[in-house]
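Have the viewer open as you read.

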Amino acid sequence: MDDRFYPTSLAKLLKIILDHYNNSGSIFGISKDLFFVPYKDDAFKIHRYGKVLETPIGVAAGPQTQLAQNIVVSWLTGARYIELKTIQTLDELEVSKPCIDISDEGYNCEWSQELKLEQSYNQYLDAWIIIHILRDKFGWNNHEDPGVIFNMSVGYDYDGIQNLNIQWFLDKMSDSASELQSKLDSIKSLYPEVHKLSISPIISDNVTLSTMHGCPSHEIEKIGEYLITKKKLNTTIKLNPTLLGKEKLHQILDKSGFETVVPDIAFEHDLDYDDALSIINNLQEKSDSLNLHFGVKLTNTLESINNKEVFSNDEKMMYMSGRALHPISINLAKQLQLDLGGKLDISFSGGADAYNVCDIFSCGLTPITVCTDLLKPGGYGRLKQYIVELRKHGISEKSKDVSFEYLNNYVATVNKNEAYSRNHLHDPSIKTNRNLGMFDCIQAPCVDTCPTNQGIPDYLYYTSKGEFEKAAEVISKTNPFPLTTG
């Protein structure tokens, strides 16, 4: 198998999707039972950039948002704020492989863009079209607003953003009319109703600035000002967790038990807290004057020393995400809201999961984007539980004052919550010595421990349903002499 991406055409991808659904009721292995079906009375709907978001949940810029099929499956399972994979002017990178490790808390290598800019644009437009088609096919288009927002993510410096290829990308995302019409013509035989659909040529009017670890403060402000005043985009600035300060961050990490080693250089070359407040105030003022939306995202990954065998020795640093990052990001959110009067718009990505999504929402930290949690067993299907929890608790948007009060209380809870502490007796691993079939990729410790690789999950399943003969068949398949080995 090659380690390069070769994007599929829109027509071929749509045919696969429609065939899968019509034949099996699933799309890319995701059963329709896991699809998010929007209800008119869903209390958790929010508004952003003058548009409706059918859920406050999204996927962070990363593995789930680089290819059209991943974006579509994210949307199917409930993600409605799609942070598109970060693009940059250097679009022919040699990416270190493997570049992600999600055995518990997450780590990744910094460089990860694997498509050229034109390919990325086409993937985003293809996903945009397919989502509109599926809304129509499933009867979910009962209002003109598609209920989903595509959020551009760009980096990594001012000079790069000025280059022609980035300018071309930003312009195309703002007006895809010519390519949109051509693509619709290419699939009209597969979905004849496509020309009746109202698909906006504006894929995105908003952007998140993702800067490199160590980007100078004046550079961050310069890029943010350019995106707001020159490109007229609703703009979000992604902030690093080191903004919390060395003492407080180390205090949280030391207490957690995670073996993440954050070097002093991470604090020295990252944005200073006072500079961050100045940038936020200045960019908020410029956005307000142009009637645009401004906010920050908490947080970026945490720079740390590479102590993982999974990554190449050439990678001196790795970048932490997942549950170990949650208390750091929450504490930073509280500090910023405290200093800015609780009025700052903060979107959140730091160890979000089904168990804390209602709390994060109640803190007013929306949209809530996820990456690490979806890279664990269950994948995109894990979003189903997020929706179940939000509906069960009847969560809805609160005023800024109520949200800030909740955030203050939640910080105290998080700082004592054992869910954000490392409690493993050994390093978790999904590796196995068994020969794995095409769809057999998840570790079953009971199977691996058994000398005959007994199909224990299978015979337990049949036993639970009272189908004892089938359970016995499973046992005898790999263990014909159970009394002897027993």
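## What you're looking at

Keep in mind that this is a predicted model.

## Helix packing

Two packed helices are described by the angle between their axes and the distance between the axes. Start with H1 (residues 10–24) and H3 (residues 117–137): their axes come within 11 Å and cross at roughly 30°. Angles under 35 degrees count as roughly parallel, so H1 and H3 are roughly parallel to each other. Their crossing is right-handed. On the H1 side, the contact is built from Leu-10, Leu-13, Leu-14, Ile-17, Leu-18, Tyr-21 and Asn-22, while H3 brings Asp-126, Ile-129, Ile-130, Ile-133, Leu-134 and Lys-137. Sorted by class, that gives ten nonpolar, one polar and two charged residues.

Now jump to H16 (residues 456–464) and H17 (residues 468–478), whose axes come within 7 Å and cross at roughly 170°. With that angle, H16 is roughly antiparallel to H17. H16 puts Asp-458, Tyr-459, Tyr-462 and Thr-463 into the contact, and H17 answers with Phe-468, Lys-470, Ala-471, Val-474 and Ile-475. The class count for H16 with H17 is six nonpolar, one polar and two charged residues.

## Empty space inside

Rolling a probe the size of a water molecule over the atoms shows where empty space is left.

If you want to select its lining, pick Thr-211, Met-212, Gly-214, Cys-215, Ile-220, Lys-238, Leu-239, Asn-240, Leu-243, Asp-270 and Leu-271. That lining splits into six nonpolar, three polar and two charged residues.

## Backbone details

Two cis peptide bonds deserve a look. One runs from Lys-97 to Pro-98, with omega near -5°; Pro-98 sits in the loop between strand E6 (81–83) and strand E7 (100–101). Another joins Thr-366 and Pro-367, with omega about -5°. Here the proline, Pro-367, belongs to the loop between helix H12 (357–362) and strand E16 (368–370).

Then there's Phe-28, a residue other than glycine with a positive phi, near 50°. You'll find Phe-28 in the loop between strand E1 (26–27) and strand E2 (30–31).

Conventions:
Residues are numbered from 1 along each chain as its sequence is written. This is a predicted model: local features need pLDDT of at least 70, side-chain atom pairs count only at pLDDT 80 or more; totals for chains, interfaces and linings use all residues. Side-chain values use heavy atoms; hydrogens and water are left out. Axes are lines fitted to C-alpha atoms, for helices over the stretch in contact, and angles run from 0 to 180 degrees between N-to-C directions. Helices (H or I, at least four residues) and strands (E, at least two) are DSSP runs, numbered from the N terminus. Angles under 35 degrees count as roughly parallel, over 145 as roughly antiparallel, 65 to 115 as roughly perpendicular and the rest as oblique. Contact means heavy atoms within 4.5 Å. Ala, Val, Leu, Ile, Met, Phe, Trp, Tyr, Cys and Pro count as nonpolar, Asp, Glu, Lys and Arg as charged, and the others, Gly among them, as polar. A crossing is left-handed if the near helix is turned anticlockwise from the far one by less than a right angle, and right-handed if clockwise. On a 1 Å grid over the protein atoms alone, a cavity is a set of points where a 1.4 Å probe fits but cannot get out, and a pocket is an open set with protein on both sides within 12 Å along at least five of seven lines; lining residues have an atom within 4 Å of a point.
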